[in-house]
Amino acid sequence: MAMQECKRAILGKALEDLVARARSGKEPCRIGLMASGGEHSDAEFLAAASAAMSADPALTVVGVGPKPSGILPQGMDWIETDCEGPELASGMENALAQGHIHGAVALHYPFPLGVTTVGRVLTPGTGKPLFMASCTGMSAAHRQEAMLRNAILGVAVAKALGITCPSVGVLNLDAAPQVLRALNRMAEKGYPLNLGQSVRGDGGSLLRGNDLLCGAVDVCVADTLTGNVLMKVFSAFTSGGSYETSGWGYGPSVGEGWD
């Protein structure tokens, strides 16, 4: 009996994949959604999952976390875990390792020291995309080293998205002049860096607020706490901070040796 049930499950999954492929014209994709640990309600997660699956018939959203009461959106799957951060992350990582999901959206992921995220916003002055390096996690314990690493990681993310020679500027924070001097030395010694220019009359690669508003460069280098605040202000100021209304979110996690 168990063997028959297993065969039925395999056949049902194969038919489900065929239907999804026929409807969408592409391979089915399962994306995990860490549906706990944030400031949003269960209803918000379920509404987002429903909207995403309606927009892409090949997509199945797989919730990870305590299963909410009520009815899940049609086609949604669930991996039930405890509500604590380590259990949530473990459930998501196991599902990725086993191939049960192809990717995941996480909330408050417990990154190790050395790993940070590079977000992307739309600048309000020109509507130009701007990478914020970085906005969560920590690439290093000390600000100066972290900002230098953030510059390299921000350029890497921009190149991964097809910008062959992204321009870079450093936000005028504590340690910014030292970071900029280090970047200039790297460029002089042959490291391929394209240091952008401020729109202010005195130019230079130290960025001020108006440079961010108009998108003077492709990559803005900041410490992670400042970058996090800027991400929220740029992306969610029209909603009062309750959710991001523009931009691409907090971006991929990157760091030396990080897969």
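Among contacts between residues at least 6 apart in sequence, what share joins residues at least 24 apart? The share is 61%, where a contact means heavy atoms within 4.5 Å.

Before selecting, note that this is a predicted model: local features need pLDDT of at least 70, side-chain atom pairs count only at pLDDT 80 or more, and totals for chains, interfaces and linings use all residues. Residues are numbered from 1 along each chain as its sequence is written, and side-chain values use heavy atoms, with hydrogens and water left out.

**Whole chain**

Show the cartoon. The protein has seven helices and 11 strands. These are DSSP runs numbered from the N terminus, with helices (H or I) of at least four residues and strands (E) of at least two. Switch to the surface. The accessible surface comes to about 13,900 Å², and 57% of it belongs to carbon and sulfur atoms. Such areas come from the Shrake-Rupley method with a 1.4 Å probe; for residues, only the protein chains shown count as cover. Of the 259 residues, 39% are buried. Buried means under 20% relative accessible area, exposed means over 50%, and partly exposed lies in between (1.4 Å probe, protein chains only).

**Stop 1: salt bridges**

The structure holds eight salt bridges. Each is a side-chain nitrogen of Lys or Arg within 4 Å of a carboxyl oxygen of Asp or Glu.

Select Asp 223 and Arg 143. Their side chains meet in a salt bridge at 3.9 Å, N to O. Asp 223 sits in the loop between strand E10 (219-221) and H7, Arg 143 in helix H4 (residues 143-160), and the two are 80 residues apart. Is Asp 223 buried or exposed? Asp 223 is buried, at 9% relative accessibility. Arg 143 is partly exposed, at 37%.

Arg 149 is partly exposed at 32%, whereas Glu 256 is exposed at 70%.

Next, select Glu 244 and Lys 232. Their salt bridge is 3.1 Å, N to O. Glu 244 lies in the loop between H7 and E11, Lys 232 in helix H7, 12 residues apart.

**Stop 2: aromatic rings**

How many aromatic pairs does the structure hold? There is one. Rings of Phe, Tyr and Trp (its six-membered ring) pair if their centres lie within 6.5 Å; planes under 30 degrees apart count as stacked, over 60 as edge-to-face and the rest as tilted. Select Phe 111 and Trp 258. They are edge-to-face, 6.4 Å centre to centre, with 80 degrees between the planes. Phe 111 lies in the loop between strands E4 (103-105) and E5 (115-122) and Trp 258 in the segment after E11, so the pair ties together parts 147 residues apart in sequence.

Move to Trp 248. Arg 120 lies over its face, at 4.5 Å from the ring centre. The criterion is NZ of Lys or CZ of Arg within 6 Å of the ring centre and within 35 degrees of the ring normal.

**Stop 3: a nonpolar patch**

Select Val 229, Val 233 and Phe 237. They make a nonpolar surface patch of about 300 Å². Patches take residues with over 30% relative accessible area and no salt bridge, joining like charges within 9 Å and nonpolar side chains (Val, Leu, Ile, Met, Phe, Trp, Tyr) within 5 Å. Phe 237 is in the loop between helix H7 (224-236) and strand E11 (253-254). Phe 237 is exposed, at 55% relative accessible area.
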